[in-house]
Amino acid sequence: MVKQLALIGGGVMGEALLSGWLAQNVVQPTAVWVSDPLAARRHELATRYQVHVTDDNRAAITDAAIIFLAIKPQLFAAVGAELAPVVAAVPVAQKPLVVSILAGTPLHKLEAAFPDCPVIRAMPNTPATVGAGMTAIAAGRWATPDHSQQAHHLLTAAGDVVEVPESLMDAVTGLSGSGPAYVALLVESLADGGVAAGLPRAIAARLALQTVMGTAQLLHQSGMHPAELKDRVASPGGTTIAGILALEQAGFRSALMQAVMAATERSKALGQY
């Protein structure tokens with residue numbers, strides 16, 4: 001169990017992680033300090049989770065074994081400069097683990113702000129807010145396997161976790177980071193197709209959503225390759241293969257692959273700023 005954890009940023013993703021940690025007994029409420037600039041937000045988090053709250057980032061990280069950064073990337077320069085003197089005063093052997101979910105903020109920038117600290121960069125996605133997220137982590141040069149395991153344990157509270165080299169973080173962004181939007185578009189399009197075929201909007205939306213959820217669950221639990229499931233559903237001369245032919249003619253698979261690649265390239269470009 002984590003002895004002392006500082007959460008810098010009490011926004012939607014920060015709260016999603018916090019609720020998971022407490023629900024799974026990863027850390028006790030009395031061991032958590034949440035720093036947020038909004039008084040109303042601090043009151044809400046303190047009331048809901050019985051954690052310590054403050055608007056002073058430096059006070060929040062005092063004695064923290066883990067510092068979890070959940071702020072907007074554009075705030076990092078200011079927040080990092082504010083926290084650096086506090087972390088610098090800590091003996092090297094007692095440096096806290098820094099875990100960052102700041103999109104587009106590379107390890108070298110994080111490590112420059114927190115010298116000698118073990119740093120883990122993480123890329124969660126929005127389903128983490130309901131405990132069904134997918135997070136990729138990349139370890140910095142001072143992070144040991146034990147540090148990676150600690151970060152893995154913390155982020156598992158919001159869903160599944162995989163470790164990758166930092167060089168693949170842009171691809172992670174293009175696939176799982178942006179992926180929820182592609183899936184949402186798929187659900188919307190399926191529902192629109194149902195309406196076009198004569199179904200009432202509410203029923204079409206319900207059918208589309210449950211079909212996507214159920215298929216994902218089936219693939220996950222069975223370990224079946226997607227192609228195998230597709231072949232099982234598509235009987236010779238049937239309705240499904242007719243629909244698949246229409247998708248292939250429209251470039252469905254190619255469009256999704258190009259979406260992932262385009263988002264990956266955009267992530268690389270944003271990381272240059």
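User: What makes R121 and E166 a salt bridge?

Analyst: The closest N and O atoms of R121 and E166 are 2.9 Å apart. R121 sits in strand β6 and E166 in the loop between β8 (159–163) and α7 (169–177), 45 residues apart, and the pair links distant parts of the chain. Helices (H or I, at least four residues) and strands (E, at least two) are DSSP runs, numbered from the N terminus.

User: Before we go on, what kind of model is this?

Analyst: A predicted one: local features need pLDDT of at least 70, side-chain atom pairs count only at pLDDT 80 or more, and totals for chains, interfaces and linings use all residues. Residues are numbered from 1 along each chain as its sequence is written, and side-chain values use heavy atoms, leaving out hydrogens and water.

User: Is R121 buried or exposed, and how do you know?

Analyst: Buried means under 20% relative accessible area, exposed over 50%, and partly exposed in between (1.4 Å probe, protein chains only). R121 has 9%, so R121 is buried.

User: What makes W21 and F68 an edge-to-face pair?

Analyst: Rings of Phe, Tyr and Trp (its six-membered ring) pair if their centres lie within 6.5 Å; planes under 30 degrees apart count as stacked, over 60 as edge-to-face and the rest as tilted. By this rule there is one aromatic pair. The ring centres of W21 and F68 are 5.2 Å apart and their planes are at 65°, so the pair is edge-to-face. W21 lies in helix α1 and F68 in strand β4, so the pair ties together parts that are 47 residues apart in sequence. Both W21 and F68 are buried.

User: Which residues touch the most other members of the largest nonpolar core?

Analyst: A nonpolar core is a set of buried Ala, Val, Leu, Ile, Met, Phe, Trp, Tyr and Cys residues joined through side-chain atoms within 4.5 Å. The largest has 33 residues, and L7, L17, L18, W21, F68 and L154 touch the most other members. Elements that each supply at least two residues include β1 (5–8), α1 (12–23), β4 (66–69) and α6 (145–155). Helix α1 gives the most, with five residues. A second, separate core of 26 residues includes I61, V79, V87 and A136. In soluble globular proteins, nonpolar side chains tend to be buried together.

User: Why is L5 called buried?

Analyst: L5 has 0% relative accessibility, so L5 falls below the buried limit. L5 is in strand β1. Contact means heavy atoms within 4.5 Å, and leaving aside neighbours within four places in sequence, L5 is in contact with W21, A31, V32, W33, I66 and L154.

User: And what about T54, buried or exposed?

Analyst: T54 comes in at 12%, so T54 counts as buried. T54 belongs to strand β3 (residues 52–54).

User: Which residues make the nonpolar surface patch?

Analyst: L186, L190, L247, F252 and L256 make a patch of about 380 Å². Accessible areas come from the Shrake-Rupley method with a 1.4 Å probe; for residues, only the protein chains shown count as cover. Patch residues have over 30% relative accessible area and no salt bridge; like charges are joined within 9 Å, and nonpolar side chains (Val, Leu, Ile, Met, Phe, Trp, Tyr) within 5 Å. L256 has 37%, so L256 clears the area cut-off. L256 lies in helix α12.

User: How many helices and strands does the protein chain have?

Analyst: Twelve helices and eight strands. Of its 273 residues, 40% count as buried.

Note on methods: Salt bridge = Lys/Arg side-chain N within 4 Å of Asp/Glu carboxyl O.
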